[in-house]
Amino acid sequence: MAPTLLIVEDEQDISYVLKANFKKEGYNVLTAPSAEAGLKLARAHKPDIFILDITLPKMDGLELMQKLREETAAPVLFLTAKRDEIDRIVGLKLGADDYITKPFSIRELSLRVKAILRHMTGRPAAGKEKTTKLGDIEIDFERHEVKVHGASVSLAPKEFQILKLLVEADGKILSRDQLAQHLWGPEQGLEMDIRIVDQHIARLRKKLMTERDRIATVSNFGYQIKNPERVPVAAGAGRSAKKSR
Ligand code: CA
């Protein structure tokens, strides 16, 4: 079934062009000129992905995302016009899946949407057993399911991907740059504000009810998963200093 996309944008010409383009590409497209109208459509149609403008007439796109996050884990891509809006996305720790800066090319936006949706389909990790246990955490990569103490936990797409990357790294340290490039692609990953990676990690830790020692921070470098049952952590592995950005 074609994925449903909800675009919330008050600039009619942008909204119109986006709608026409995504329809042509086979999506079900819904559009709303305000956050309030977008929220109603989101509740009625449960879109698979959201494209939200930040500057909207009353409630803005960031507030809208906060409301959406209480109801859905579907990915959100922000349209931003200014640098300070990116800072606000980062500052609010919303765990946005992506953002694109205006003016943007439709082709680029379309590729981003495709990439986000492709990651969401949750391809199973090749050659890995179906379920992985990390102490009290149980991860089913095929079904995209995570349980903590036997209870299901709902992870946003990027959070799931990060967990998957860290588990697959099997105790190896992944730098924030490496994580960003895996999550957003080689070029876009370099452009992304690296603090977004930290935020996804923070949310992941909270949802997994795990202490810092399970998903360990390697100061000024990156992250590493520690599994006392199966991952022997090699002392000093991968700790070579890396230039900070
Ligand atoms: Ca606007």
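**Entry 1**

I began with the donors of the calcium ion, which follow the spacing D-x42-D-x1-T along the chain. I note here that the model is a predicted one. The pair of aspartates links distant parts of the chain, 43 residues apart. I located aspartate 10 in the loop between strand S1 (4-8) and helix H1 (12-24), and aspartate 53 in strand S3 (residues 49-53). I then listed the coordinating atoms: Asp10 contributes OD, Asp53 contributes OD and Thr55 contributes O, at 2.1 to 2.3 Å.

Aspartate 10, at 32% relative accessibility, counts as partly exposed.

**Entry 2: backbone details in loops**

I checked the peptide bond from lysine 102 to proline 103 and found it cis, with omega near -5 degrees. Proline 103 sits in the loop between strand S5 (98-101) and helix H5 (106-120).

I then turned to positive phi values. Lysine 46, although not a glycine, has a positive phi of about 45 degrees. I placed lysine 46 in the loop between helix H2 (35-45) and S3. Its relative accessibility is 63%, so lysine 46 counts as exposed, for which the value must be over 50%.

Histidine 149 is likewise a residue other than glycine with a positive phi, near 50 degrees. I found histidine 149 in the loop between strand S8 (145-148) and strand S9 (151-153). With a relative accessible area of 58%, histidine 149 is exposed.

**Entry 3: helix H6 against helix H7**

I examined helix H6 (residues 157-169) and helix H7 (residues 176-184), whose axes come within 10 Å and cross at roughly 125 degrees. H6 and H7 are therefore oblique to each other. I recorded the crossing of H6 past H7 as right-handed.

On the H6 side I listed Lys158, Gln161, Ile162 and Leu165, which meet Leu179, His182, Leu183 and Trp184 in H7. By class, the residues of this contact of H6 with H7 divide into 5 nonpolar, 2 polar and 1 charged.

**Entry 4: helix H6 against helix H9**

I repeated the look-up for H6 and helix H9 (residues 195-207), whose axes come within 9 Å and cross at roughly 85 degrees. That angle makes H6 roughly perpendicular to H9.

From H6, I noted that Lys158, Glu159, Ile162, Leu163 and Leu166 meet Val197, His200, Ile201, Arg203, Leu204 and Lys207 in H9. I counted the contact of H6 with H9 by class as 6 nonpolar, 1 polar and 4 charged residues.

**Entry 5: lysine 158**

I returned to lysine 158, which lies in helix H6. Lys158 is among the H6 residues that meet H7, and Lys158 is also among those that meet H9. Is lysine 158 buried or exposed? Lysine 158 has a relative accessible area of 1% and is therefore buried.

I then asked which residues are in contact with lysine 158, leaving aside its neighbours within four places in sequence. They are Asp97, Ile116, Leu183, Trp184 and His200.

Notes:
Residues numbered from 1 in each chain as written. Predicted model: local features only at pLDDT ≥ 70, side-chain atom pairs only at ≥ 80, totals over all residues. Heavy atoms only, no water. Donors = N, O, S within 2.8 Å, 3.2 Å for Na, K, Ca; no water. Helix = DSSP H or I, 4+ residues; strand = E, 2+ residues; numbered from the N terminus. Buried < 20%, exposed > 50% of the residue type's maximum accessible area, 1.4 Å probe, protein only. Axes fitted to C-alpha atoms, helices over the stretch in contact; angles between N-to-C directions. Parallel < 35°, antiparallel > 145°, perpendicular 65-115°, else oblique. Left-handed = near helix turned anticlockwise from the far one by under 90°. Contact = heavy atoms within 4.5 Å. Nonpolar A, V, L, I, M, F, W, Y, C, P; charged D, E, K, R; others polar.
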